[in-house]
Amino acid sequence: MKMRNPITIPSIILVVLVMLISGCSAWNEDVGGAEKGTPGEVNMIVEGGFFIPSMNQSLHLRYDEGMTVYEALDRVANLSKESNQILSVGSTVLDDTLQWKVEKNNKVISADMWGQSLKDKDSLKLSVIPATPIDMSQTGGSGVTLELSGGSNNPELRFTIARLYDPTLTVRDLLMSTDSVQLSDNKKHLQSINGYAPRITERWMMKVNNKELAEHGLDMVLDPGDEVRIEIVERI
């Protein structure tokens, strides 16, 4: 008996080639779709300048369609829900002598413009500037920072306060310039930070530029760029 429509080797090769070509086309379409939908990025620089030299970071934020300046800032800063105001960046807080400046593509934008939409590859910059115009020659063009730490027993207590340098600024003045620090009635001793006082087995350790301060060191006059650190440590 003769077979109708016999399957020849050339026919098999042709079918395999068609299947391979179809499969490759589908695979390329999937890749093309994934690349087309891949989100971009927004470049952000956080810069402390002369006032907080240790703050210098370049970030790449994932960009999503319709992303606003506010939403980008909210990823790196603690913003006030009541108003467009930056409360802190990371663990750093500015006192009333300094403020944050926001730039979009090298142009300064005010808080009422934070609702603007961003585009892929846009750039944002957060930098620290004086709250009011100053004579930089009188301030050394710098700032001082106060780092507060609750140590291992109170790790939640950890933040840095930055302020503009003043030629007459003492350690005591720096401590008194923030509501977070409470001194004794005679202003000679550190009493508590945000209401937390050391336990009987703990003590305050105060340093200026990593050198421990003497007992009566609150009268020390600070220099531009000084870093004061207060930490709770175990008594030895």
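Before you click, here is how the pieces are named: helices (H or I, at least four residues) and strands (E, at least two) are DSSP runs, numbered from the N terminus. What you see is a predicted model, where local features need pLDDT of at least 70 and side-chain atom pairs count only at pLDDT 80 or more, while totals for chains, interfaces and linings use all residues. Residues are numbered from 1 along each chain as its sequence is written, and side-chain values use heavy atoms, with hydrogens and water left out.

**The whole chain**

Start with a cartoon view: the chain has four helices and 15 strands. Now show the surface. The accessible surface comes to about 15,000 Å², and 53% of it belongs to carbon and sulfur atoms. Such areas come from the Shrake-Rupley method with a 1.4 Å probe, and for residues only the protein chains shown count as cover.

How much of the chain is buried? Of its 236 residues, 38% are. Here buried means under 20% relative accessible area, exposed means over 50%, and partly exposed is in between (1.4 Å probe, protein chains only).

**Stop 1: E212**

Select E212, which lies in strand 14. E212 counts as partly exposed because its relative accessibility is 48%. Setting aside neighbours within four places in sequence, E212 is in contact with R203, M205, M206 and K207; contact means heavy atoms within 4.5 Å. With R203, the E212 side chain makes a polar contact, side chain to side chain, at 3.4 Å. A polar contact is a pair of N or O atoms within 3.5 Å; within protein, one must be able to donate a hydrogen and the other to accept it, and residues adjacent in sequence count only if both atoms are side-chain atoms.

**Stop 2: strand 15 and its partners**

Show strand 15 together with strand 13 (residues 202-208). They run antiparallel and are joined by seven bridges; two strands pair if DSSP finds at least two bridges between them. Look for K207, which stands opposite R229 in strand 15.

Does it pair with strand 15 in the parallel or the antiparallel sense? Parallel, over five bridges. Here L146 stands opposite V228 of strand 15.

**Stop 3: charged pairs**

Side chains of opposite charge can pair when their charged atoms come close. This structure holds nine salt bridges, a salt bridge being a side-chain nitrogen of Lys or Arg within 4 Å of a carboxyl oxygen of Asp or Glu.

Select E147 and R158: their closest N and O atoms are 3.8 Å apart in a salt bridge. E147 sits in strand 9 (residues 143-150) and R158 in strand 10 (residues 154-164), so this pair ties together parts eleven residues apart in sequence.

Then try R172 and D219, a salt bridge with closest N and O atoms 2.4 Å apart. R172 is in helix 4 (residues 171-176) and D219 in the loop between strand 14 (211-212) and strand 15 (227-234), so you are looking at a link between distant parts of the chain, 47 residues apart. R172 is buried at 17% relative accessible area, whereas D219 is exposed at 51%. Now select E147, R158, R229 and E231: salt bridges that share partners join them into one network.

**Stop 4: the cores**

In soluble globular proteins, nonpolar side chains tend to be buried together. A nonpolar core is a set of buried Ala, Val, Leu, Ile, Met, Phe, Trp, Tyr and Cys residues joined through side-chain atoms within 4.5 Å. The largest one has 30 residues, and M44, L73, I86, W100, W114, L118 and L126 touch the most other members. Apart from it lies another core, of 25 residues, among them L146, M206, L218 and V228.

Zoom in on W114: its contacts beyond four places in sequence include L73, L79, I86 and V102.

**Last stop: E103 and S123**

Finish with E103 in strand 6 (residues 98-104), which is buried at 12% relative accessibility. One of the residues E103 touches is S123, found in strand 8. S123 is partly exposed, at 26%.
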